[in-house]
Amino acid sequence: MREAAPDPYWNTNVARHAGILRAVPEGCGDALDIGCGDGLLARKLTARARHVTGIDLSPDMIARARGSSGGRPEPAFVEGDFLTADLPAEGYDFICSVTTVHHVDLGAALARMRELLRPGGTLVVVGLARDAGVADWTVRIAAAPVVRITKVLRGARDPEGMPVAEPRTSYGEVRAVARGLLPGVRYRRHVLRRYSLTWEKPVTRA
């Protein structure tokens, strides 16, 4: 499959794209990018999946995604709320979401993603969380110089009009909710103020 074009911009979300793409299963048929924004990651996914759908609640972001042609095949972009949109149950081999779940209830979001993922499929969530307690703040303060320098050196910027929200769920709460809904989930906290969840949905044996 073709390789994605160079990134038109960089930020701490784009920094996680390479890891997300490495998690796409071999021979991936259908992929879903939840909270696709301007479609940058969804277009990259077309190099690794036969069919890619990006969904976002923001009309402005979907309009931008549809207007930013990156070549063929193009993803299908859907305007809507992934929690209630008419998406096929167990319809996707790969689902990803970058800094979207803190806009909604985390438990509802993960439960919906679990429902949409095919048995044997892979889910990757990259999110923001709230610092709570001494351990969280110690990590944040220690990483602050690295985050600041990296953003300056890379010229970090966000797409115009991207919706923003402050996270309400702490890192500890994220771990607890994820482990309750996604048994065996792999949780990591990253330097650039992000965490990731990676989960393979078990295949039910008859």
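**Aromatic rings**

I searched for aromatic pairs and found 2 in the structure. I counted rings of Phe, Tyr and Trp (its six-membered ring) as paired if their centres lie within 6.5 Å, with planes under 30 degrees apart taken as stacked, over 60 as edge-to-face and the rest as tilted. I took up tyrosine 171 and tyrosine 195: their ring centres are 6.4 Å apart and their planes stand at 80 degrees, so I recorded the pair as edge-to-face. Tyrosine 171 belongs to helix α6 (residues 171-181) and tyrosine 195 to strand β7 (residues 194-200), so this pair ties together parts that are 24 residues apart in sequence. I took helices (H or I, at least four residues) and strands (E, at least two) as DSSP runs, numbered from the N terminus.

I noted the other pair, tyrosine 187 with tyrosine 195, as stacked, at 6.1 Å centre to centre and 20 degrees between the planes. Tyr171, Tyr187 and Tyr195 form one aromatic cluster. Tyrosine 171 and tyrosine 195 are buried, and tyrosine 187 is buried too. My terms are: buried under 20% relative accessible area, exposed over 50%, partly exposed in between (1.4 Å probe, protein chains only).

I recorded the basis of these entries: this is a predicted model, in which local features need pLDDT of at least 70 and side-chain atom pairs count only at pLDDT 80 or more, while totals for chains, interfaces and linings use all residues. Residues are numbered from 1 along each chain as its sequence is written, and side-chain values use heavy atoms, with hydrogens and water left out.

**Charges over rings**

I then looked for charges over these rings (NZ of Lys or CZ of Arg within 6 Å of the ring centre and within 35 degrees of the ring normal). The charged end of arginine 175 sits over the ring of tyrosine 187, 5.3 Å from its centre. Arginine 189 lies over the face of tyrosine 171, at 3.7 Å from the ring centre.

**Cysteines**

How many disulfides does the whole structure hold? My search, for cysteine sulfur atoms within 2.5 Å, returned 0. The cysteine sulfur closest to that of cysteine 36 is in cysteine 96, 9.5 Å away, which is too far for a bond. Cysteine 36 has a relative accessible area of 6% and is therefore buried. Cysteine 96, at 0% relative accessibility, also counts as buried.

**Selected buried residues**

Threonine 122 lies in strand β5 (residues 117-127) and counts as buried because its relative accessibility is 6%. Its contacts include Phe94, Trp199 and Glu200.

Histidine 190, in strand β6 (residues 186-190), is buried at 10% relative accessibility. Histidine 190 is in contact with Arg16, Tyr195 and Ser196.

Leucine 41 is found in helix α2 and is buried, with a relative accessible area of 4%. Among the contacts of leucine 41 are His17, Asp33 and Cys96.

**Largest pocket**

I noted about 970 Å³ of space in the largest pocket. Of the 43 residues that line the largest pocket, Asn13, Thr99, His103, Met162 and Pro163 are the closest to its centre. Elements giving two or more residues to this lining are β1 (28-34), α2 (40-45), β2 (49-56) and α5 (134-154). The pocket is an open set of points on a 1 Å grid over the protein atoms alone, where a 1.4 Å probe fits, with protein on both sides within 12 Å along at least five of seven lines; lining residues have an atom within 4 Å of a point. Grid points are joined across faces, edges and corners, and the volume is the space filled by probe spheres set on the points.

Methods
Contact means heavy atoms within 4.5 Å. Lists of a residue's contacts leave out its neighbours within four places in sequence.
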